[in-house]
Amino acid sequence: MVAVASLCILGAFMVYSASYFYALKKFEDPSFFFKKQLLWLAVGLISMLAASRIRLETWGRLAAPLLLLSIIMLGLVLTGLGTEVGGGRRWFRLGGFSFQPAELAKFSLILYMAGSLPRKEDSMRSFLKGVLPYLIIGGLCVVLVLAEPDFGMAMTMLGLVLLMVFIAGMRFRYVAMTVLAAAPMAVFLVMKQPYRVKRVVSFLNPWEHYEGSGFQLIQSLLSFMAGGGAGVGLGSGRQKLFFLPEAHTDFLLAVVGEELGLVGVLIVLGLFGLILHRGLQISRRAPDAFTSLLATGLTLLIVFQAILNAGVSVGLLPTKGMPLPFMSYGGTSIWVNLMAAGILLGIGRRSHETVVDRMRGYGGAPVPGIGGRGKIWGSQGRLPGGTQGS
């Protein structure tokens, strides 16, 4: 909770700093993006608190309908109902607000797989019976996202599906087979679109494409370089003055690097590391397989996006529009990630209540069956976290 709140607060300040001059020029209101960010944070926080109080069994029942709704919305956004921006149809717009169905689809996939995979534990060693159905369902969402087109989001979604089935018991050779089978298709899709080829080429050597496809990455690297160790000060960055494109969205970490320096970047990455640590702890202590797998999937959903965003910002990955969770400007991303955090809080509370109930039921004796999938985590007779059961 502390890590999520810290990222949201810091993100709001950084969005205001990064978008001030751009909003002043485009909307004649320097706080335009800041006010919308605060509104989405309020909606997200309410959703987080509500999600933390909803019974976990209810999430299991909602999984299939929510996934079906997400697939329908992914199809509808490709029609005239979707808004085209920059050559892609990825959003529904209503008034001054937009909604991206792909963000909801990622969340729905994890929710559905977490509810379904534990029931098929015995068949997960079989590719045809256990793995292929999930690859087909995930593949349908990936194809619809590719049609928008959004190559990076599609690959992220495919990666999350593979991680979920692997954690649930899929053999590693099946993972390797799936990746090898998808690789030629990925190369074909990259080569089919000239702008994707330019991104890959500029990623390999952005300095040869300084005024073209490498411009954004170079400006991001210059931001980190200018910030040094301690940064130039909050609000004093220069790269956001129409040099660094998408400063308040996909490249917000570069603004953090310039204004707060290496110290600020390490704090941000450390907070995501804390979310990873606590999320996996919650998963390990979960009372059943469904909640354990759900906690793992939601943790990966948040942290995986943060790793991709950071990798793009520092030039370790090709340029791709991927928001930094809890921080970047973007309503749907904030809402979905805060709702995921709320469910993690709910699982953590459920696990704690289960431990207390079992301690009362066993009258102070060592407590069996605590932890994900009915296993005793840690030493025999110890509660999660190493506390002696007494």
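Me: DSSP runs define the elements here: helices are H or I over at least four residues, strands are E over at least two, and numbering starts at the N terminus. What makes strand 1 and strand 2 a pair?

Reply: Two strands pair if DSSP finds at least two bridges between them. Strand 1 (residues 83-85) and strand 2 (residues 88-94) share 3 bridges in the antiparallel sense, and therefore they meet the rule of at least two. Glutamate 84 stands opposite arginine 89 in strand 2. As a caution, this is a predicted model, where local features need pLDDT of at least 70 and side-chain atom pairs count only at pLDDT 80 or more, while totals for chains, interfaces and linings use all residues. Residues are numbered from 1 along each chain as its sequence is written, and side-chain values use heavy atoms, with hydrogens and water left out.

Me: How do you know that strand 2 and strand 3 are joined?

Reply: The count between strand 2 and strand 3 (residues 97-99) is 3 bridges, and they run antiparallel. Leucine 94 stands opposite phenylalanine 97, and phenylalanine 92 has phenylalanine 99 in strand 3 as its bridge partner. Strand 2 and strand 3 form a hairpin with 2 residues between them. In that turn, glycine 95 has a positive phi of about 65°.

Me: In the open sheet of 3 strands, what is the order?

Reply: The order is 1-2-3, with antiparallel pairing. Strand 1 and strand 3 are the edge strands, since each pairs on one side only. Neighbouring strands of this sheet are turned by 50° against each other on average, direction ignored; the axes are lines fitted to C-alpha atoms.

Me: Why does the span of helix 3 agree with what its residues should give?

Reply: The expected span is 1.5 Å times one less than the number of residues. Helix 3 (residues 56-76) has 21 residues and should span 30 Å, and its end C-alpha atoms are 30 Å apart, which agrees.

Me: What does helix 7 show for its reach and its bend, and where is the bend?

Reply: Helix 7 (residues 172-192) has 21 residues and reaches 30 Å from its first C-alpha to its last, close to the 30 Å expected. The bend is about 30° at alanine 183, and proline 184 follows within four residues.

Me: Which residues of helix 7 are buried?

Reply: Tyr174, Val175, Thr178, Ala186, Leu189 and Val190 are buried, a term for under 20% relative accessible area, with exposed meaning over 50% and partly exposed in between (1.4 Å probe, protein chains only). Their cover includes helix 5 (127-146), helix 6 (151-167) and helix 8 (194-204). In helix 3, the buried residues include Trp59, Ala63, Leu67 and Met73.

Me: Why is cysteine 141 called buried?

Reply: Its relative accessible area is 0%, which is under the 20% limit. Cysteine 8, at 7%, is buried by the same rule.

Me: How many disulfides does the count come to?

Reply: The rule requires a pair of cysteine sulfur atoms within 2.5 Å, and the count comes to 0 disulfides.

Me: Why is glutamate 28 called exposed?

Reply: Glutamate 28 has 70% relative accessibility, and exposed means over 50%. Glutamate 28 lies in the loop between helix 1 (2-27) and helix 2 (32-53) and has a positive phi of about 60° although it is not a glycine.

Me: What does phenylalanine 242 count as, exposed, partly exposed or buried?

Reply: Partly exposed: 48% relative accessibility falls between 20% and 50%. Phenylalanine 242 is in the loop between helix 9 (215-227) and helix 10 (252-285), and its phi is near 70°, a positive value in a residue other than glycine.

Me: Why does glycine 237 count as buried?

Reply: At 5% relative accessibility, glycine 237 is buried, being under 20%. Glycine 237 is in the loop between helix 9 and helix 10. Leaving out residues up to four places away in sequence, it touches Val232, Glu258 and Glu259, where contact means heavy atoms within 4.5 Å. Glycine 237 and leucine 260 are 23 residues apart in sequence and 9.2 Å apart in space, C-alpha to C-alpha.

Me: How do you know that the peptide bond from glutamate 148 to proline 149 is cis?

Reply: Omega there is near -5°. Proline 149 is in the loop between helix 5 and helix 6.

Note on methods. The bend at a residue is the angle between axes fitted to the seven residues ending there and the seven starting there. Axes are lines fitted to C-alpha atoms, for helices over the stretch in contact, and angles run from 0 to 180 degrees between N-to-C directions.
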